[in-house]
Structures are given as structure tokens and as C-alpha cells.
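Please read the following briefing alongside the sequence and the structure.

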Amino acid sequence: MIRLGLRLALANGREALLRFVLIAVAVALGTGLLLATVAGVLAVDKQLSRGAWMRGAPAAGAPAADPVVWANREDFFAGTSIWRIDVGLKGDHPPAVPGVARLPAPGEYYVTQALHDLIATHPADELGARFPGREAGIIGSGAVPSPDSLVIVVGRTPAEAAAIPRAHELTAVSNEPLAIPAAAMDLVLSVIAGGLLFPLLVFIGTATRLSATRREQRFAAMRLIGATPRQVTQLAAVESGAAAVVGTIAGFALFPALRSAMAAVPLTTERFFPGDISPGPVIAVLIALGVPLGAVAAAAFAMRQVRISPLGVVRQVTPKPPRAWRLIPLVAGLLELAYFIGRRPETSSGQTAAFLPGFLLVMVGLVIAGPWLTMVGARLLARRARRLPALVAARRLADNPQAAFRAVSGVMLALFVVSVATGVIGTMNDERGVHYGELASVTLVQFAAEDGLALELPAVKGVTFAVALPRNPDESMGSPSNLIACAELARIPQYGRCAPGAQYAQIWGNLVGFDRVRSGVGAATVWPTAPVTADQVATLPVDTFVVGLDGDPATTERARTAMVLAFPEYEVPALTDVERGTNSRTQMALFQRLADVIMLFSLPIAGCSLAVSVAAGLADRKRPFSLLRLTGVPLRMLRRVIALESAVPLLAVAVLAAATGFGAAQLFLRAQMDYTLTAPGWPYYALTVLGLAMSLAIIASTLPLLSRMTGPETARNE
């Protein structure tokens, strides 16, 4: 049977060979993208857990070494975060850490290659002067998340390191990531991986069913002349499995090129190390075996009708239409999310148990309900059809909605995941974000201060003012956090003014406020009067220092360097409000970037699935289309039929998935945070339109096949 199956696949004429090549090419693309998807998800996980040692957590059970005082904190340069670790050694045998030969002594530091390059290419007063001493070496690439990571380990005396807030002493450094963030990240990555893998698996499955109808007819004829069901199944499995094996091998050969492309693109805002982009030997073996076996299983499953009723296949019996019960899981998932509005569990684990099943049920419900919704849409199209292309397309979609939906089910799930992520992340950014306007980028704030620095910083080139702010003794909920002398405020009128006759005013530490409601702060603002005297202000602690900038990025870094040198024990770095807002939204930006990746990859993959389905449909209906052309139906009309059969399910599914995704996001936001969904910005619509346009372009690329496959000779030879 194996030899006969191979002959049917390779030596049964040009059509059989072309079908074999198309299946192999489609499986190769699907396998290569599947490897890249799995490797990318694993690379994100590696990237996020790689620098666990930088937390400075004590390691349980590790051999003890001489104590070291360890202090983690953050610095900034050009809008990018620098992870700074200050260490003070208390002996000659400090604990070992990844990537560093030995923890640095006072006057030494280790840096990543990316930070080394920045220090070497910028003036010392902008960056290098912040780190005392000399460079002792480069931190190994295996110890940092990305080639772009900016990390530095600075040697200090134990007393200097201990003076930094949150400094602690340890004798062994753990390299284990935090369990809770890791679990949360695994959950997010699993959902994202599902959004990418599902369209790929649909694509591979569709590819292995190329010309399935004609093969079913051929095998049904074999059954009618005496072939057993087992023999027919074996022939189908060999024919599909051989093409899938060739395609799988080609897909593995394609993976290195995809890996190089992924390493060059910062999918998570930071590039991957090329070595991290690997599916691993176990997953690689599973894919290498699973894709051909899946193709064999799909072929065997497709032959079930042939085994049961070969005459039914020959006569092209219409499948039973789907029923409305398919809507039950989708409605149940939405009701489950709605149930927790006002009933949110208090614990994180309880919230996960509450919301995750609802989202999963909605995703499964979309896939189950898809064929029924496709059938309903096709019947509506048929009722409104006034021309032949729409009528033929609607009739074919209504006759077999399962097949029509199968090719676009991947895009439905992917677009649902993207819509949920965009709705939730966009709303959280809008509710928790800051919108200060121009003043936010020219005000550098340090939440620590020394009076003498107010006299030194104005000498830094580009600094327009420097002011130290004492703490507000009457600070209460919603009231400004600091005080400012009206004489000083008068020198910077762009930030507002005092009430007539006031000596001191209450003002926010960044001079504009920390709530998005206060975005209108400016020269017309009148700050509330502070009922204090000069003698009382002299006794108040100064906890905030604000520096005005001229807008030049170099000025920002010079002022930041001066403030690092003035406050060597700082805990929170000097930041503009733009940098502070960007830094606080980094993780949400990462999730949004991953959601965008799903959209950009899954929509074209869905288009490829549709293209394969179109090509298969053309091959299966060559003779009917040829007869229609012989009766006078124009070729352009047949092309419209094919375009409508492919584009209508794709566009309908896109609208339904987006609407359901935003609906689920609204239910989650109301239940979890009592927020109202914010409309997505133009990038979401632009990416959606771009992805759909790419999918439609892929479908259009198959239409020229129609003129080649439906000539008069086809009607004679079939």
C-alpha cells in the first residue's frame, strides 16, 4: 500500500505532482512559522527570567561566602532604564553571580556591552561620571535579558552601599525568578501562544486537505470496485503523510532564516539573543513527528465518509446544517464574565480562577459557534443577492459552512485576543496615565534634596532653574505635596502663580501634579495659599528637587548626572514626568506589542489558509466552472464568486471577533477595576486594516489560477 500510495502521489500525472508540491510548500511554511512561534514564546520567557540574579535575593541552600551589601536601583539615560547594582564587599570571597568573574571592589564596575558602548560614545558629564572608578570588565551575555540591556554592577565600600535605601546583606545570590510574576507571565504567554498557534495549525490542516474532494471521489471509486476501508485509509495516509514529511523537513530548513529575522526585531522592546530563539530538542522532536502524524490523522479522518458510504461521496450529499445550540458556550462565557461585576474575588488566585475560565469559554465558544454564524450570514446574503456571483457564493457557503469557517477560525481567535488586549491595556493606560503637555518633558524631578544643590545646578549648561521644595505639613488626601515660596514661583511663571498677598503656596512636587485631571496646569493656575511663616518653613524637611530644562536631550542627561553625583544614595532616579509615565507602563507596552505581533502574523496566516482553500476549491470544481464558461458565463463573474466565498467569511469573522473581544474586555474592566472601556486608538485600526488587506491580497493572488483551470479542455477531459 505504501508503494501504491507514493505512485498515486508522485506518478499520477501533473495534477497529482502539483498537489504534492503545494501540500509540501504549505506544510513547510506552516512548520517554519510554528517553530518560530514556539521559539519566540520560549525566548520571551527566557528573556524575562534571565536576569533574576539582579534582584539580589538570597539563595537558599547555596554555599555561603563572605557577606556583601547589595543595593538595587534604577537610573535612566535617553529615556531608557539602566539597572544599577551597588555592592560593598565584606571579605575576599564574595558570593558568585552570573556573568561576572568576581564582584567589583570599590573603584571598579562591570557593565553590559550595550552600556559600555553608551559610556564610550557620550561625554562623561552626560553618563560616565555617574559611575565612579574604572571599568573592570563586561557582564557576560548569558546573565542579562537582551543584547540591549543596560546593566552595571558598581563596587562601593560597605558603608556607602549600606546608606542606599533598601540595601541588604547576603552571602549567596539566587538566580530563581519570582514565582508569582513568572506564573502570571506564563499565563499571558500561553494565551498569546494560543492566538498564534491556532491559525498555524488551521493552516497546516487546510494544506494537507488540498483537493480533498477529488481524492474522496477517487477513493470512493476504489471502494466501489472492491477496495477495503482499511486499504483506502492507508492510501490516503501515505499520500498526505509523504507530502507532510517533505514539508516538515523544508520547514526545519526555513527556521534559521526566520530566527535571524526575529533576533533583529525588538518584539518585546528589546532584542532577543539569537541563541534564545530555539524551540528546544523536545519540542522540535514533537513538531517533527506531530506535523506528519497530524497530516496522516487528518487524511484518515477525511476518509470516514468514504468508508461509511462511498455512494454518498460520489453523489455529493450535502452535510447537515449546524444548529443554534452552538451559541451556548459563547453566551455562557460572556455571562460568566458579567457575573463577577460587583463580585470580584479579593485574592489574585481567586481573580485568575474567576476570569480565565470565562475568557477561555468565550474563545472556545467562538470556534464552536462559527459554522452556525457563517450559515446564517450566507442565508442573509442569499436573500439579498441580486446577481449571480453573490447568489452562487451564498449558496455554497450555506451548503457547507463548516468548511468555509474552518479556514478563518484562526483569525477569529487571534483577533479576539488582540481586541481584548488592546481594550484592557488601552483603558488602563488612559485611566492611570498622565497627560501633562509640554511641561512634562522639561521638568526633571528628584525626590530627595540638599539646599546647596540649588546654587550649583544652574551652572549646568541648559538648566533654566533649580528649586528645592519642602514638604507640605498639612498634606492630606488630594492636596499638593509640597510648598514653594511665591518669590521663587514668580521666577517660573509658566507653572502658575500665588494668590495675591501670599508668601508660600501649596504645589505638587513636579510643579504640575500627578493626576491626569490636572493636565490643564499652566501659567493661569493659581496655587492654594499655604498658611505658614518663613520660620516654620525653615524647620520643614526638603524632600523634592525640581530642575528646569531647555528641551535639549543632552541637557537632561547633564542635569541627571549632576543630581546622581549630588545624591549618591538616591533611591528613585531623577526623571521627567514623560519618562516616569513611560517607565510605569513598560510591561503593559510589552503585552500590547505581543498582541500586535499576533495580529500581524495571524491575519496573513489566515489569508494563506483561505488561499489554500480557494486553490483546493478551484481544483475540486474545475469541471463545473468549465461548463459555466462554455455556457457563456464571463470569467470575471466566476472570479467574483471565488472572491465572495473567501472574503465574506474573513471580513464577517473579523467584525464578530473584534466586537466580542471588546465586549469581553468591557466586562472584565468593569468587574476587575470598575473602568469603562476606552475606544482603541488609530494603531489598532491601522494594524487590523493592514492585516486584512494582506490576507485579501493573498486570496487575490490565487484568482489567476481560474483561467488556467477552467478552459474548454477541462470540460472535455474530466
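Cys 486 and Cys 498 are both buried, where buried means under 20% relative accessible area, exposed over 50% and partly exposed in between (1.4 Å probe, protein chains only). This is a predicted model, in which local features need pLDDT of at least 70 and side-chain atom pairs count only at pLDDT 80 or more, while totals for chains, interfaces and linings use all residues. Residues are numbered from 1 along each chain as its sequence is written, and side-chain values use heavy atoms, with hydrogens and water left out.

**Disulfide**

- A search of the whole structure finds 1 disulfide, the term being used for a pair of cysteine sulfur atoms within 2.5 Å.
- The disulfide joins Cys 486 to Cys 498, with an S to S distance of 2.2 Å.
- Cys 486 belongs to helix H17 (residues 486-490) and Cys 498 to strand S10 (residues 497-498), so that the pair links distant parts of the chain, 12 residues apart; helices (H or I, at least four residues) and strands (E, at least two) are DSSP runs, numbered from the N terminus.
- The disulfide between Cys 486 and Cys 498 is left-handed, because the torsion about its S-S bond is about -105°.

**Salt bridges**

- A search of the whole structure finds 15 salt bridges, each defined as a side-chain nitrogen of Lys or Arg within 4 Å of a carboxyl oxygen of Asp or Glu.
- One of them is formed by the side chains of Asp 86 and Arg 156, at 2.9 Å from N to O.
- Asp 86 lies in strand S2 and Arg 156 in strand S5 (residues 151-156), so this pair ties together parts that are 70 residues apart in sequence.
- Asp 86 is buried, with a relative accessible area of 0%, and Arg 156 is also buried, with a value of 8%.
- Glu 108 and Arg 134 also meet through their side chains in a salt bridge, at 3.0 Å from N to O.
- That pair links distant parts of the chain, with Glu 108 in strand S3 (residues 108-111) and Arg 134 in strand S4 (residues 134-138), 26 residues apart.
- Arg 134 is partly exposed, with a relative accessible area of 49%.
- Asp 148 forms a salt bridge with Arg 271, and the closest N and O atoms of the two are 2.9 Å apart.
- Asp 148 lies in the loop between S4 and S5, and Arg 271 in the loop between helix H7 (229-264) and helix H8 (280-302), so the pair ties together parts that are 123 residues apart in sequence.
- Asp 148 counts as partly exposed at 27% relative accessibility, and Arg 271 is partly exposed as well, with a relative accessible area of 31%.
- Salt bridges that share partners join Arg 73, Arg 84, Asp 86, Arg 156 and Glu 160 into one network.

**Surface patches**

- Lys 320, Arg 323, Arg 379 and Arg 383 form a positive surface patch; patches are made of residues with over 30% relative accessible area and no salt bridge, with like charges joined within 9 Å and nonpolar side chains (Val, Leu, Ile, Met, Phe, Trp, Tyr) within 5 Å.
- For the charges, Lys and Arg count as positive and Asp and Glu as negative, while His and the chain ends are not counted, and the place of a charge is taken as NZ of Lys, CZ of Arg, CG of Asp or CD of Glu.
- Arg 323 lies in the loop between helix H10 (310-314) and helix H11 (328-339), and it counts as exposed at 52% relative accessibility.
- A nonpolar patch on the surface is formed by Leu 17, Val 21, Val 25 and Leu 29, which together have about 310 Å² of accessible area, computed by the Shrake-Rupley method with a 1.4 Å probe, with only the protein chains shown counting as cover for residues.
- Val 25 lies in helix H2 (residues 14-49) and is partly exposed, with a relative accessible area of 44%.

**Positive phi values**

- Ala 78, a residue other than glycine, has a positive phi near 55°.
- Ala 78 is placed in the loop between strand S1 (68-77) and strand S2 (80-89), and is exposed, with a relative accessible area of 56%.
- Arg 166, also a residue other than glycine, has a positive phi near 65°.
- Arg 166 lies in the loop between helix H4 (158-162) and strand S6 (168-170), and counts as exposed at 56% relative accessibility.

**A buried alanine**

- Ala 559 lies in helix H19 (residues 553-566) and is buried, with a relative accessible area of 0%.
- Ala 559 and Gly 548 are 11 residues apart in sequence and, from C-alpha to C-alpha, 9.3 Å apart in space.
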